[in-house]
Amino acid sequence: MLKGSVEYAPSTFEERGAAVAFTTPLLSQTRVRRGERSRLEVLIPSLSEGLGIYVVAWKAVPEMVGMTMHDRYLHELIVKQEECSPQEIRSATLRAARRGLAGPEAVKAARQALEEEEEQRTLTNYLLLMSVLKAVGLESADVLKAGLDTDEGQRLTRQLMARAAAALRMEPNLLYARLAQIADTVAPVGLAQSPKPGRLLRGLMELKGFKSSIEDWSNEAMSEAAPVAAFCAEVAQHTVAIGDAVLGNLHRRVAAIGQILRDWDAEMAEIRRLAARIAWLLDGWDHIAKAWEMAMERDDRHAQSMVVNELFRIIPLVPRLESDRDLSGEAERVAAVHRRSVRAFEDWRTGRMDVDAIRRIEMLKAKAA
Amino acid sequence: MTRPDPPAGATPTPAASPDVLPVLRERLLDIPEAKFVEVVRLLEHVRDHPDVRQTFATIRPRLSRVRPARRPTLKRILCMPFEDVLETLDGVDVPLGRIERRVIEPVWRIVRERADAAQLAALERAVQGLDAANRNGLLNVGGRLWPLAAAALHGALDGDGDRRLLWTGFGGDEALAAQARSVAHILEIGSIVESLKAELSPRPVPALGEGHVAAIEQAAQAAARLSPKTVYYLLLIAASRLAAPAGLLDVLNDLDLGRANREQPALFAQLSGLVVANLEERTARMDGPAAGATSPDEAVDIALRLIQGLDTTSAVMDHRNETAYRERLAAVRGAVRTMLDETVIRTAPRGVLDAIALIDGDGTGLTRDDEAQTAAEDHARALRRCEALADSLEMRHTLEKAIAGLGAGLTKRANALVAAYPRLVRRAPDPETAELSLFYALRLVELVAGPIQAEELRRATMAMLAQISGDEP
């Protein structure tokens, strides 16, 4: 059941696992992955000092940890998922939140997040449509004038798209379907020309804000946690640098819409890979950025130091094969030097329900949805 | 009415125009924080205008929360050494040795009238263009201003044999005049206080470490060299920077106070009395006009802060065999217990249980009220948070009984709701809302009766919902 503390230096994102927004304090932001024989495992970090993790069979978690009702339900939903990527985990999380088990604020946030996702998907689809028309040399000014959501606009669009499909030697229905597939894949990021950034692009911008804020804090704070904060800023910066490069690559590829439609299988595979890579890169950072933002709202340096240590415990290190830096090794050195500051996690065996800690996590969950 | 000239370089904007301020005043409380800081910065340039002064009075609560860097003025620099013991703007918490804000104006007037005008003018020039972030610059000006102001104040207060100043300066308020005297003593050691504050940062210091104690000792010796009388004020400010001021009492007798060593027993008694009186005053505020508006959650926050100070103080007094304050401390403890009993425990059936609709014979519609649910959850959490105080307040039995009774009541109502749901949902206008009301009820069970009981109910609920929809559970 409990394999004991092991060294944690994942090679790939899949091995690192996807962060789950549990509300039980011990399980908050623990990662889940498919282990041997595709069985689900949960990785619980730093029950004691240091960077070791416990690998626990997914099915055994409810017996080991006193979980909130919300988490038990989320746990059931995740077991039913085939994949274990950030997107699937997010969809299970929003489903659990919508049921009301994480409180009224989480219901509201989940509904809003789902509405926004749908809007973003529609917007992306629309922008892709305009790109296709442009790529085949057709003017879309009349459509814009009529408005896409009007009958006249729809009629004009169908007409133009039929001509575009003919120019591309495709069936119009196939063209529509392929654009919808691209939109589904790219909408969470958003297109370069989109007036509204997608959720992941917003996440990347928030990560940049987090990096600046925690870096400033580490320079100004007279706290033992300052070097730990500086390390968190470095990891954020490293993630941002990779994220910017992947994002640029993705936007360039999607901008060449003609090329995608001509070489569909290869191009689409690459676009899916890049979009998934951004999702994996940013997985877990939304919680961290919001937790830091909330800590900074309180004028309490001591509490902020505690948050720094808590964030260090769950910081998403870029896996070895995805980076030229050994971040796990660097994190271990930070933990060793600042052992006094990087405190051990509270005793998880007591099993008491800390209503204050759960409330804080629920508030964060609503903000980061 | 004459309008003050705008300073050179200031950009006239609608926000900075005093004419529009009466209209904008209330809106300033709602605008985004960045905008608020910007508007405050602009208003600072015309701060002497009566409308602007009124505006600052209106937005003061938000100013104290946001704390935008304010343009330094001599008056603000004057207040730096005693800002830790100034009453808070919202008046919710009471600092140790509280100095009221209304003392600032008469003190500043005396300083302006009595201090050397040429020196003050030079300091006024030095403060012009000084940035709020330039701490060294502020300390330089302060280092010259504080002794000057202290001398002016002492001169005025000591020379008030005919009590004219008491009446003309302080409206005959002896307590206010006494606070002005305390301010004079603190200003005497202004620079020492500022150095100590840097050592005791960030505020509040959770517990005194060796470095902190050494810094206090060194500062106390420096203050004693200037005047042994000032040591009390220095210790007062040190204590006010601690999360539990009584922590200073615990180390006080081991401190080498230099020339003030002989005063140690008197200092201990003075500070002990102050710490206990402060606890009493904070407790008395619980019965003040705002007491009725205190939410259960706020009541627990207040109780936690008070009990932290109370426990530390009691431990120090026991350790020192000081029995003089025992009854007064017990009275504070009793008052906190009563407050929690009245605000959190006895009101719980109404505040928590009533959030789950009673299912009557006709079947009540399934409704969802997010605000009521949030309030009920906050109340339930407050009740559970009382557990941390139960032993200290000797209320474990009462609390456990209340939690058990409420848990049983909630479980009963939630069970009834689940049982009636298949019948009630047919009349519900929105099935999703109806389902939410079920899970909201389960959350209250979880918060009060615990996750195990709630989980049983959740499983039964999921099975029932699956049966209704024909899905697998």
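Cys386(B) counts as buried, at 0% relative accessibility, and Cys232(A) is likewise buried, with a relative accessible area of 0%; buried means under 20% relative accessible area, with a 1.4 Å probe and protein chains only. This is a predicted model in which local features need pLDDT of at least 70 and side-chain atom pairs count only at pLDDT 80 or more, while totals for chains, interfaces and linings use all residues. Residues are numbered from 1 along each chain as its sequence is written, chains are lettered from A in the order in which they are written, and side-chain values use heavy atoms, without hydrogens and water.

**Cysteines**
- Over all chains there are zero disulfides (pairs of cysteine sulfur atoms within 2.5 Å).

**Extent of the A–B interface**
- Contact (heavy atoms within 4.5 Å) links 26 residues of chain A with 31 residues of chain B.
- The two chains bury about 2500 Å² between them, and carbon and sulfur atoms give 54% of this; the value is the accessible area (1.4 Å probe) lost on being put together, summed over both parts.

**Charged pairs across the interface**
- Six salt bridges are found between chain A and chain B, each a side-chain nitrogen of Lys or Arg within 4 Å of a carboxyl oxygen of Asp or Glu.
- Arg385(B) pairs in this way with Asp356(A), with the closest N and O atoms 3.2 Å apart.

**The side of chain A that touches chain B**
- Helices H3 (69-80), H5 (104-135), H14 (301-314) and H16 (355-368) of chain A each supply at least two residues; helices are DSSP runs (H or I) of at least four residues, numbered from the N terminus.
- H3(A) gives the largest share, five residues.

How values were computed
Buried < 20%, exposed > 50% of the residue type's maximum accessible area, 1.4 Å probe, protein only.
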